[in-house]
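Hi everyone, thanks for coming. I'd like to walk you through one structure today, so please have a look at it first.

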Amino acid sequence: MAVTLKDVAEMAGVSRSAVSRTFTEGASVSDKVRLKVMEASATLGYSPNALASSLTTGRTKLIGVVSDNFHNPIFLEVFDLITKGLQERGLRPLLVNLSDEVDPANSVRMLRQYSVDGVIVASSTLPVSFAEAFQSAGVPVVHLFGRHSVQPKVHTVGIDNFAAGQMAAQTLIARGYDSIGFMGGPETATSTQDRYAGFLSELRAHPNVAHSVTYAKAYSFAAGRAEMLRLIAAGPAQAYFCGDDVLSIGALSAAETAGLSVPDQIGFIGLNDMEMAHWANINLTTIHNPIKQVVASSVELVVAMLLDPTQRPEAVLFPSSVVERGTLRPLHS
């Protein structure tokens with residue numbers, strides 16, 4: 001039979017409330033009593049019931065991690081880092097798939113059913129209204145990969161997508177391409193909009209460079225491949241900035257299918273520097289997104305809000321940088 005709190009109390013020679021206080025963060029208990037309880041717990045193999053503890057403290061330590069982009073492999077890395085980061089701080093992640101959800105109010109109702117203490121919205125394609133809905137409901141929230149604002153309504157962490165778009169255009173122009181394209185994810189995604197805006201702002205200073213813009217239906221391999229096959233059939237540009245690595249990998253597959261040599265006949269630069277981009281058979285030139293630092297900052301903000309819910313929202317931006325590999329021709333001399 002399972003060891004109970006009563007069993008520990010009897011072996012330690014203390015009250016059940018003393019055992020409960022020992023395992024309640026911040027509760028008052030003497031060092032002598034704590035030692036007795038911990039020794040009895042170790043002997044009996046007792047572990048406190050987290051759900052029962054939440055009834056006492058009013059805190060579940062559950063953090064909702066919501067996203068709508070489960071088909072993008074980069075989010076396997078993101079979820080791995082978020083869950084580890086939360087667990088290291090004694091918090092429990094609750095992963096929620098909002099791929100088919102369009103109503104922020106439904107999301108709030110769903111998460112409140114589980115009495116989450118906070119939420120991390122991990123998406124650039126979910127509208128900001130989702131994160132704001134949690135905040136309006138009194139739930140501490142961080143929008144990971146959300147759109148940057150100098151006066152954010154909720155805590156936002158990510159990279160400067162506008163600057164990343166500029167960086168991609170500069171990289172392609174420096175290599176002498178005079179016909180370049182932007183292939184973004186969904187046009188409604190703020191990350192797509194901001195990356196293209198930065199890309200276009202740089203091109204305006206280079207009127208001799210022809211450019212085009214197109215959008216894939218999703219940030220996915222299949223969507224990137226399908227859109228690039230269409231572009232190749234219509235007559236492709238010399239090189240493309242694909243607004244995400246997984247789109248780039250789909251585009252590389254399309255180029256291979258069409259018999260185009262990369263980078264001799266067509267070039268690609270992605271964004272994120274996901275693990276697959278390193279693989280020898282992909283070897284993707286890309287823009288590094290410091291995912292580890294971005295996620296760590298999001299977790300720290302959630303923890304800080306649990307301690308002080310009155311914190312004013314802030315926007316945290318991390319710098320990105322080009323990672324040279326093999327999908328663009330060498331620098332133009």
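Let me start with a question: is asparagine 272 buried or exposed? Asparagine 272 counts as buried, because its relative accessibility is 7%. By buried I mean under 20% relative accessible area, with exposed being over 50% and partly exposed in between, using a 1.4 Å probe and protein chains only.

A word on the ground rules. This is a predicted model, where local features need pLDDT of at least 70, side-chain atom pairs count only at pLDDT 80 or more, and totals for chains, interfaces and linings use all residues. Residues are numbered from 1 along each chain as its sequence is written, and side-chain values use heavy atoms, with hydrogens and water left out.

Now the overall picture. The protein chain has 13 helices and 12 strands; these are DSSP runs numbered from the N terminus, with helices being H or I of at least four residues and strands E of at least two. The C-alpha trace spans about 85 × 40 × 35 Å along its principal axes. Of the 333 residues, 48% are buried. If we take contacts between residues at least 6 apart in sequence, 71% join residues at least 24 apart, where a contact means heavy atoms within 4.5 Å.

Back to asparagine 272, then. This residue sits in strand E9, and its phi is positive, near 130 degrees, in a residue other than glycine. Phenylalanine 145 also has a positive phi, about 70 degrees, although it is not a glycine. You will find phenylalanine 145 in the loop between strand E4 (141-144) and E5, and it counts as buried because its relative accessibility is 14%.

Where do these two residues turn up again? Both are on the list for the largest cavity: of its 18 lining residues, the closest to the centre are Ser124, Phe145, Arg195, Asn272 and Asn289. A cavity here is a set of points on a 1 Å grid over the protein atoms alone where a 1.4 Å probe fits but cannot get out, and lining residues have an atom within 4 Å of a point. The count is one cavity of 30 Å³ or more, and the largest has a volume of about 190 Å³, the volume being the space filled by probe spheres set on the points, which are joined across faces, edges and corners. Helix H5 (74-88), strand E5 (155-159) and helix H9 (190-203) each give two or more residues to that lining, and H5 gives the most, with three.

While we are at E5, please look at threonine 156 in that strand. Threonine 156 is buried, because its relative accessibility is 7%. Leaving out residues up to four places away in sequence, threonine 156 touches His143, Gly146, Arg147, Glu314, Ala315 and Val316.

Next, helix H6, residues 104-113. Its buried residues are Pro104, Ser107, Val108 and Leu111. They lie on the same side of H6 because they cover an arc of only 100 degrees around the axis, the arc being that of the directions from the helix axis to the C-beta atoms. Among the elements covering them are strand E1 (62-67), strand E2 (92-97), strand E3 (118-122) and helix H7 (128-136). After H6 comes serine 115, with a positive phi near 55 degrees.

One last stop: valine 262 and proline 263 are joined by a cis peptide bond, with omega about 10 degrees. Proline 263 is in the loop between helix H11 (245-257) and strand E9 (267-272). Thanks, everyone!

Definitions and conventions: 1 Å grid on protein atoms, 1.4 Å probe; cavity = no way out; pocket = protein on both sides within 12 Å on 5 of 7 lines; lining within 4 Å.
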